[in-house]
Amino acid sequence: MRVATWNINSLNARLERLLAWLETAAPDVVCLQEIKCATDAVPTERLEQAGYEVAANGDGRWNGVAILSKAGIDQVERGLAGQPEFDGRTEARAIAATCGPLRVWSVYVPNGRDVTHDHYPYKLAWLSALADAAAPAAAGSEPACVMGDFNVCPTDEDLWDRAEWPGTTHVTEAERKALAAVEATGLSDVFPRALKYDWPFTFWDYRNLDFPKNRGMRIDLALANAACRDTVTDAYVDRNERKGKGASDHAPLVVDLDL
DNA sequence: ATGCCGAAGTTACTTCGA
């Protein structure tokens, strides 16, 4: 089966592009982030016409995650047990479902904004809650995969300028440790092929010609438990989807599994 | 060529993203 994760940066603004990509890439399961609409504003009918069942956890203007599946969607769970709040609200940043043989999470980890901002400790707490929530499935014998926009560059190689960004998020030791703690539950980073250049970035800012200049980051990840990792036959970042007018600022990460 | 930011809520400007 083919699974994918894509920060779509508005599901409704990207719908035609998404439908075209579903047709050509033909994934069985797609984890979406930043759908930027309420659950009842998800274009469910169009997605169902394309052959997918849909489970969404929407928030309105920001955030929002969803799972599309041709392999069934059962045991849907919205949010994380013990998920921290921000500004007194539990944001729509996680959804899990069982899609045929695979337990899958679609997660949108908080940005952090700035190391001095309240959003930064929120990000670290959120990753800690994710580790706790995913731990049982991660350690289990059934295939499981936590996919999404982690908003952390696992290493300096995952950032285009390969330089220190003093005081900026995404590259701090604390964030990397929090990500490592998620992986320590029994999950491994499925490292994808790049379709061009030497590193599989998944995000390029809209500004400053970052995409043409390949100033990217690798922050969208697929973390697979052992039972899932053993079935991986290929993985790549579909950077072609970052091209052209009306692209998301993220490209899809595609993982093929012998499941 | 991949091209100088884009989406959404609200209504001309603000917030957010990483």
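Student: Which residue stands opposite isoleucine 95 in strand 6?

Tutor: Arginine 78 stands opposite isoleucine 95. Strands here are DSSP runs of E with at least two residues, helices are runs of H or I with at least four residues, and both are numbered from the N terminus. The model is predicted: local features need pLDDT of at least 70, side-chain atom pairs count only at pLDDT 80 or more, and totals for chains, interfaces and linings use all residues. Residues are numbered from 1 along each chain as its sequence is written, while chains are lettered from A and ligands numbered from 1 in the order in which they are written.

Student: How many bridges pair strand 5 and strand 6, and in which sense?

Tutor: Strand 5 (residues 74-78) pairs with strand 6 over 3 bridges in the antiparallel sense. Two strands count as paired if DSSP finds at least two bridges between them.

Student: And what joins strand 6 to strand 7?

Tutor: Strand 6 and strand 7 (residues 102-108) run antiparallel and are joined by 6 bridges. Opposite alanine 97 is valine 104 of strand 7, and opposite cysteine 99 is leucine 102 of strand 7. The hairpin of these two strands has 2 residues between them, and glycine 100 takes a positive phi near 60 degrees there.

Student: Why is strand 6 described as largely enclosed?

Tutor: In strand 6 (residues 94-99), 5 of the 6 residues are buried, so the strand is largely enclosed by the rest of the structure. A residue is buried if 20 or more other C-beta atoms, placed from the backbone, lie within 10 Å of its own.

Student: What is the strand order of the 6-stranded sheet?

Tutor: That open sheet has the order 5-6-7-8-13-9, with mixed pairing. Strand 5 and strand 9 (187-189) are at the edges with a single partner strand each, so one side of each lacks a neighbour in the sheet. From one strand to the next, the twist averages 20 degrees. Helix 4 packs on this sheet, touching strand 9 and strand 13 (220-225), and its direction makes about 125 degrees with that of strand 9. Contact requires C-beta atoms, placed from the backbone, within 7 Å; angles run from 0 to 180 degrees between N-to-C directions, with axes fitted to C-alpha atoms, for helices over the stretch in contact.

Student: How do the axes of helix 3 and helix 4 cross?

Tutor: The axes of helix 3 (residues 119-139) and helix 4 (residues 173-183) come within 8 Å and cross at roughly 10 degrees. That makes the two helices roughly parallel, a term for angles under 35 degrees. The contact residues divide into 10 nonpolar, 1 polar and 2 charged. Nonpolar covers Ala, Val, Leu, Ile, Met, Phe, Trp, Tyr, Cys and Pro; charged covers Asp, Glu, Lys and Arg; the others, Gly among them, are polar.

Student: Changing topic, which strands pair with strand 15?

Tutor: Strand 1 (residues 2-7) pairs with strand 15 in the antiparallel sense over 4 bridges, and strand 14 pairs with strand 15, also antiparallel, over 5 bridges. Arginine 2 stands opposite aspartate 256, and valine 232 stands opposite leucine 257.

Student: Finally, which residues are closest to DNA strand B?

Tutor: The closest are Ser10, Tyr206, Arg207, Pro212 and Lys243, among 27 residues that surround DNA strand B. A residue is near the strand if its C-beta atom, placed from the backbone, lies within 6 Å of it. The surface near DNA strand B has 9 nonpolar, 11 polar and 7 charged residues.

Methods. Parallel < 35°, antiparallel > 145°, perpendicular 65-115°, else oblique. Buried ≥ 20, exposed ≤ 12 C-beta atoms within 10 Å, placed from the backbone. Contact = placed C-beta atoms within 7 Å.
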